[in-house]
Structures are given as C-alpha cells and as structure tokens.
Amino acid sequence: MLGARGRPSLPGSPIRQRHRRRVAATPPLTATPSPHACQPPQVNPGKLVSSTSPTADFDLLSQQGSELPVAVLWHTEISSILDSLKLVCLSFCGSCAWWHLLFMEPKNELSNSNREIQGSATSSKTTKDLEIEGYTVGGLSIGGHETCVIFPTLKVAFDIGRCPPRAVSQNFLLISHAHMDHIGGLPMYVATRGLYRMQPPTIIVPISVKEDVERLFEIHRKMDQSELKHKLIGLDVGEECYLRKDLKVKAFRTYHVIPSQGYILYSVKQKLKPEHIGLSGNEIKNLKSSGVEITYTLTEPEIAFTGDTMSDFIVDENNTDVLRARILVLECTFVNNSITVDHARDYGHTHLSEIISYAERLQNRAILLIHFSARYTVEEIQQAVSALPPSLAGRTFALTEGF
C-alpha cells in the first residue's frame, strides 16, 4: 500500500480511519485534585519476579542445548543440528516460543540497573539521542504510527507506542491517552519485563481509562496464561503521585479528540533554610536533634509532556507549570502551510504556526517537538525548525527518529 507522496506505508502501522470531527467542549472539572494520589512506591531491586514459564521443561531443553559441541562444528553442521533442535522444541512444547527462550532468555535478574534491553539492531545509545538541558532524550514519535519518548536517566517513558525495545528498561510509564499509536504496546512492555525478570513497572494512565486497561490485562493474562505483574495507577487532571522520593508526577489537562492528559515531572529536593546557612555541622546537628526544622522542600517542574493536544492547553490558566518546565515535550503534527490550522484542530492536533504565535508564553528553557505527520520528510521538518523566529530559535529541537 502506498502512503503519502507515493511512499510505501509502514507495515502494521495503526493508521486510524477517523471521521473529520470537531473537539467538543469539555465541561469544567468538579472533582478536587488529591495532592497525594499515591505514595512513593517501595522498590526492592533485589526481588526477582518469578517467571511463569514451566521451569522444568525449560531446564531440560537448556541441558540439551548445552551439550551441543558447537565450537567444533562447521557452519553446515551447526545449521543442521540447530534445525533438529528446533523441531524437538516444537514437538515437545507445541510452540516456537520455547526456541526463543532456549537461546534468548537470560538466566538472572539484570544486575546493572542501567542496562537496557535492546533489539538486535539497536544500540544502548544511538547517535540520534538528543542531549537537552542535561537530559538524554530518546525514543521515536511519528503521528498515527508510534509515540514513545524516553528519558533514560530518570527511567521514565512517556507513552509506549508499539513498545520499542529500549522502552522495556524504563521503570515508569506514563500514558497520555488511549489511541493505539500511544498505548498499543502496553501488554508487550509488561510481558517483556516479566520475561527478563525485571521488577514490575509502575504505569500511570488517565483515570477515565483505568478500568479498561485493567480488563485489557485480564484478557491477556487469560490468553497468555502469565501474571503480567505491574502497578497500575489512574490519575485525574490535577492529581499527583510520587515516583520516587525525589521525583513526582502531576497530570494536566490537554485537548484532544478523546480523553487525554499531559504530565509534569517535578524534582523534589530538601534545602537548608537560609537562616541556617553558615552554621557548623555540629550546630546544625544540634538544631535538628532539638526538633528544629532545618530544611524546606523545593519542588521544580523539570519536564512537561503534552501527548496529543490542540494548542488550547497553552492558554489554560491551570497549566502555568507546564509553560515554565525546564523542558517542554510538545506535539507538533503539522509544520507548514500544506495543512491548515483548522485541519489540525479538527483532529485535535497542534500546528507549528500556533506554537510560533504563543512563543512568548512558553518560558521553557528547551522545547522538544514531537509527533510530526508521516507525510513529512526529515528535511522538511528540519527546514521548518530552522526557520523559527528568534523567540524560539536556539531552544527548539525536533525528534525525527524513525522518519
């Protein structure tokens, strides 16, 4: 099948054939946001997640594989023996999944928390990773195909797309909305972490879809006969949750064609009160022992992720922290005059010209544009970004991985 400009469409692309529609006005929220929607998760890195595989059968097959004198066989002999083993695995287990487990499944928990699960052609850090304001940013985002934006130093992924291999290493997953190009790989993400005996991930979704996501996992548990361990949290707009003691997330309102929300990551630090600065260590220790509060909590917005949205979130008076976060990850589906602003809004998306018109409101140190339409080439995207006015030039980046 040919896509835009006569180029082949990506195989398996979840392109949605949607009717043209306007976004209905969303009634004002009536629920009072809870400042403590959840507590900091208790993470036990040393705890292994038990595999649901029949270990006796796997051990038997592993022993058979270990006895092969592979090192002394020529290539043709190796191929013949491996093909024979494959047939044994298929007849013994009734599924080629065991063939994968026999040669691919690691035996132990990943000892290095920074190690990342990679595909055969994916390195741990590609040359297309971006370095923005002290953060490494990876992933890919192609409108209608797949969006997964990764901050590996925080172990956080925004949306999961089709579950790119690198996303599996992220302990926290924040889902903005339930369109397939943003949530489709969710079961695979959890299943793959279980396969590699990694700790169950923490997944945050809009409260409006939490029950549906729970049912989705129940269906996959029934079909796959696996546990699919994870921690699922539903957040409403305005609610927040601690991911770690020094990192919390808050949901903010966005404007898409289905229920959606963005997320702000806050750094949480304890700072010495100004009146105690200059005191000796013993003096500070004595003050603390006597019950004096010597520190205060400093909370700063570090990263804001919009997911799919119209530009209306920029003028929402409740989203001031979004506009002053160190990095704003902002959808920008259309970048030139070949598509009008009205067309972008019809489908709940943002046009680059709107971002330019709101530039003075964006106080962020850096802006990362994502979710470009697949109709564009990398050259067209880069040309549009390079032509930005001074108010945006120098602080605006484009995620073009996958184009």
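Ile 284 is buried, with a relative accessible area of 19%, where buried means under 20% relative accessible area, exposed over 50% and partly exposed in between (1.4 Å probe, protein chains only). The structure is a predicted model, in which local features need pLDDT of at least 70, side-chain atom pairs count only at pLDDT 80 or more, and totals for chains, interfaces and linings use all residues. Residues are numbered from 1 along each chain as its sequence is written, and side-chain values use heavy atoms, with hydrogens and water left out.

Ile 284 lies in helix α7, which covers residues 281-289. Helices (H or I, at least four residues) and strands (E, at least two) are DSSP runs, numbered from the N terminus. When neighbours within four places in sequence are set aside, Ile 284 is in contact with Leu 272, His 276, Leu 279 and Ile 294; contact means heavy atoms within 4.5 Å.

In the chain as a whole, 11 helices and 15 strands are found. Of its 403 residues, 45% are buried. Among contacts between residues at least 6 apart in sequence, 64% join residues at least 24 apart. The accessible surface comes to about 20900 Å², and carbon and sulfur atoms account for 54% of this area. Accessible areas come from the Shrake-Rupley method with a 1.4 Å probe; for residues, only the protein chains shown count as cover.

An open sheet is formed by 7 strands in the order β8-β9-β10-β11-β12-β13-β15, with mixed pairing. The edges are held by β8 (240-244) and β15 (396-398), each of which has a single partner strand, so one side of each is left without a neighbour in the sheet. Direction ignored, neighbouring strands of this sheet are turned by 30° against each other on average. Two strands pair if DSSP finds at least two bridges between them. Strand β8 runs antiparallel to β9 (residues 247-253), to which 4 bridges join it. Glu 240 stands opposite Lys 250 in β9.

The mean pLDDT of the chain is 79, and 68% of its residues reach 70 or more; pLDDT is the predictor's confidence in each residue, from 0 to 100. Over residues 86-116 the pLDDT is below 50, and this stretch has 59 contacts in the model beyond near neighbours in sequence. Residues 118-127 also stay under 50, and the model has 10 contacts for them beyond four places in sequence.

Terms used:
Axes are lines fitted to C-alpha atoms, for helices over the stretch in contact, and angles run from 0 to 180 degrees between N-to-C directions.
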